[in-house]
Amino acid sequence: KIELLRVAYTSVGVFGVLKYEGIPFALTLESPWLDNKKSVSCIPSGDYLCERVNSPKFGNTFEVKDVPNRTEILFHKGNLMDDTHGCILVGEMFDTLNNTPAILASNKGFEEFLDKTKDVDMFYFSTLHSKSF
């Protein structure tokens with residue numbers, strides 16, 4: 001099981017930590033909460049099934065399934081909120097890019113995500129909120 005602990009909610013994105021078996025291994029960036037609107041909002045907190053897909057744009061990755069009124073929510077590489085399109089970006093460090101909060105080392109973070117999931121075609125995924133929010 002993979003968990004996403006959302007730790008910061010800002011107008012330029014929702015920043016989080018991915019955990020595998022309780023151990024943090026990568027960082028995330030999602031769009032802010034905008035009532036679960038397609039392509040512009042993060043997904044609602046909850047438990048989801050993720051299935052391996054071969055995306056025409058992003059290649060080997062996983063799709064978050066059964067999000068109410070949403071489809072094609074992927075884990076993929078990217079740095080800024082503008083890269084999310086309602087998906088979950090994976091990286092290795094929080095920083096700024098062009099004076100905008102971002103996640104960096106996305107290639108490395110995404111490869112680590114794929115390594116953690118290399119032996120499965122589906123997994124359960126939970127989004128959680130930091131207790132400080």
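First, the ground rules. The model is predicted, so to speak of local features we need pLDDT of at least 70, side-chain atom pairs count only at pLDDT 80 or more, and totals for chains, interfaces and linings use all residues. Residues are numbered from 1 along each chain as its sequence is written, and side-chain values use heavy atoms, with hydrogens and water left out.

Start with the barrel. Eight strands close into it, in the order β1-β2-β3-β7-β6-β5-β4-β10, with mixed pairing. On average, neighbouring strands of this sheet are turned by 35 degrees against each other, direction ignored. Axes here are lines fitted to C-alpha atoms, for helices over the stretch in contact, and angles run from 0 to 180 degrees between N-to-C directions. Strands are DSSP runs of E, at least two residues; helices are runs of H or I, at least four; both are numbered from the N terminus. Two strands pair if DSSP finds at least two bridges between them.

Now the β1 and β10 contact. Strand β1 (residues 2–10) and strand β10 (residues 122–129) run parallel, joined by five bridges. I2 stands opposite F125 in β10.

Next, β5. This strand covers residues 59–64, and five of its six residues are buried. Buried means under 20% relative accessible area, exposed means over 50%, and partly exposed lies in between (1.4 Å probe, protein chains only). On one side, β5 pairs with β4 in the antiparallel sense over six bridges. N54 stands opposite N60 in β5. Three residues separate β4 and β5, which form a hairpin. β5 also runs antiparallel to β6, with two bridges. There, V64 stands opposite I73 in β6.

On to the rings. The structure holds eight aromatic pairs. Rings of Phe, Tyr and Trp (its six-membered ring) pair if their centres lie within 6.5 Å; planes under 30 degrees apart are stacked, over 60 edge-to-face, and the rest tilted. Take F15 and F94: their ring centres are 5.6 Å apart and their planes sit at 80 degrees, so this pair is edge-to-face. F15 lies in strand β2 (residues 13–20) and F94 in strand β8 (residues 93–97), so the pair ties together parts 79 residues apart in sequence. F15 is buried, at 8% relative accessible area. F94 is partly exposed, at 37%.

A second pair, F75 and F113, is stacked: 4.6 Å centre to centre, 25 degrees between the planes. F75 is in strand β6 and F113 in helix α1 (residues 106–116), so parts 38 residues apart in sequence are tied together. F75 and F113 are both buried. Ring pairs also link F62, F75, F110, F113, F123 and F125 into a cluster.

Last, the pocket. How much space lies in the largest pocket? About 260 Å³. A pocket is an open set of points on a 1 Å grid over the protein atoms alone, where a 1.4 Å probe fits, with protein on both sides within 12 Å along at least five of seven lines; lining residues have an atom within 4 Å of a point. Of the 16 lining residues, the closest to the centre are T71, E72, I73, L74 and C87. The elements giving two or more residues to that lining are β4 (47–55) and β6 (73–76).

D83 is found between β6 and β7 (88–91). D83 is partly exposed, at 29% relative accessibility. D83 and S31 are 52 residues apart in sequence, yet 9.1 Å apart in space, C-alpha to C-alpha.

How values were computed:
Grid points are joined across faces, edges and corners, and a volume is the space filled by probe spheres set on the points.
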